[in-house]
Amino acid sequence: MKQTKLSFWFHEISWKAFYIFFSTIFCFCTCFFYADVFLCEHLQIFLYIMPKNALKFTTFFVTETFSSMLTLSLYTTFLCIFPFMLYCLHTFCRPSYFFYEAYKQLIFLILSFSLSIVAHLFFKYSLLPNILQFFISLGNNELWQHIPNVYNYILFSLSLAIGFQILCQLTCLGIYIDSMSLSNYLMLARTRKYWHIGLLLFSAFICPPDVFLQSTCWVFLVLCFEFMHLGFCFVRSYKKQ
């Protein structure tokens with residue numbers, strides 16, 4: 001009986017891994033084929049905010065443009081595959097024996113993928129231009145002659161984009177963690193205020209001695225915690241119904 005169960009698990013894991021691997025390769029090839037389009041779109045965001053007399057982007061190595069396109073392709077692939085990876089992991093740990101379970105898993109997949117797309121568009125066309133405008137406005141906007149580097153700019157924008165994606169996916173991660181019974185919701189709800197105090201101490205530890213930076217970090221960490229707590233609340237309200 002145990003060998004049959006282990007063989008069944010191995011068979012399911014192999015098929016799930018094959019689905020994820022094949023989907024990742026196909027998505028990466030498609031994204032890399034349009035990598036020049038993605039790169040031009042990211043550069044145009046910065047060039048639109050730059051002063052009219054500013055210089056264009058520069059590259060110092062022959063492979064720098066290729067590395068930038070490769071990094072963008074990997075990020076776009078992860079953006080598309082991550083909800084599907086969570087869906088495969090969820091269906092393996094909690095197989096849908098009934099119709100309402102399959103329906104719930106489909107809603108989870110659609111919600112996670114929709115949040116990824118909305119977060120990507122919001123960051124690209126609203127948040128990133130404002131952040132760049134803030135850094136440019138620190139100096140003289142008319143005489144700013146800094147020559148941006150392509151690869152460094154791509155790494156900077158994608159690091160912010162990944163952080164914003166994680167923030168927007170915290171609700172889905174909370175739903176996933178609670179549905180898998182990996183956390184105790186009652187204990188989390190009772191110790192909620194202590195979590196806020198702990199996050200305040202953590203932000204004071206990593207951002208000394210600037211009070212404004214400490215407060216900003218604390219508010220961000222509390223928002224992350226509350227977004228994940230919101231996912232727990234969704235699961236609890238669904239179970240009560």
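This is a predicted model: local features need pLDDT of at least 70, side-chain atom pairs count only at pLDDT 80 or more; totals for chains, interfaces and linings use all residues.
Local features need pLDDT of at least 70 and side-chain atom pairs pLDDT 80 or more, while totals for chains, interfaces and linings use all residues. Residues are numbered from 1 along each chain as its sequence is written, and side-chain values use heavy atoms, without hydrogens and water.

**View 1. Helix H3, residues 64-93, and its bend.** Helices are DSSP runs of H or I with at least four residues, numbered from the N terminus. H3 has 30 residues. From first C-alpha to last, H3 reaches 42 Å, close to the expected 44 Å. The expected span is 1.5 Å times one less than the number of residues. At Ile-81, H3 bends by about 35 degrees. The bend is the angle between axes fitted to the seven residues ending there and the seven starting there. Pro-83 follows within four residues.

**View 2. H3 beside H5, residues 150-168.** Their axes come within 9 Å and cross at roughly 10 degrees. H3 is therefore roughly parallel to H5 (under 35 degrees; 65 to 115 is roughly perpendicular, over 145 roughly antiparallel, the rest oblique). Axes are lines fitted to C-alpha atoms over the stretch in contact, with angles from 0 to 180 degrees between N-to-C directions. Contact means heavy atoms within 4.5 Å. Residues of H3 in the contact include Leu-72, Tyr-75 and Leu-79. Those of H5 include Ile-154, Leu-158 and Ile-162. The contact divides into 10 nonpolar, 4 polar and 1 charged residues. Ala, Val, Leu, Ile, Met, Phe, Trp, Tyr, Cys and Pro count as nonpolar, Asp, Glu, Lys and Arg as charged, and the others, Gly among them, as polar.

**View 3. H2, residues 35-49, across H5.** The axes come within 11 Å and cross at roughly 90 degrees. That makes H2 roughly perpendicular to H5. Leu-39, His-42, Leu-43, Ile-45 and Phe-46 of H2 meet Val-150, Tyr-153, Ile-154, Ser-157 and Leu-158 of H5. By class, this contact has 8 nonpolar, 2 polar and no charged residues.

**View 4. H2 across H3.** Here the axes come within 9 Å and cross at roughly 95 degrees. H2 and H3 are therefore roughly perpendicular. Among the H2 residues that meet H3 are Phe-38, Leu-39 and His-42. The contact has 5 nonpolar, 5 polar and 1 charged residues.

**View 5. The salt bridge of Lys-124 and Glu-41.** The N to O distance is 2.4 Å. Lys-124 lies in H4, residues 99-136, and Glu-41 in H2, 83 residues apart.

Key
Helices (H or I, at least four residues) and strands (E, at least two) are DSSP runs, numbered from the N terminus. A salt bridge is a side-chain nitrogen of Lys or Arg within 4 Å of a carboxyl oxygen of Asp or Glu.
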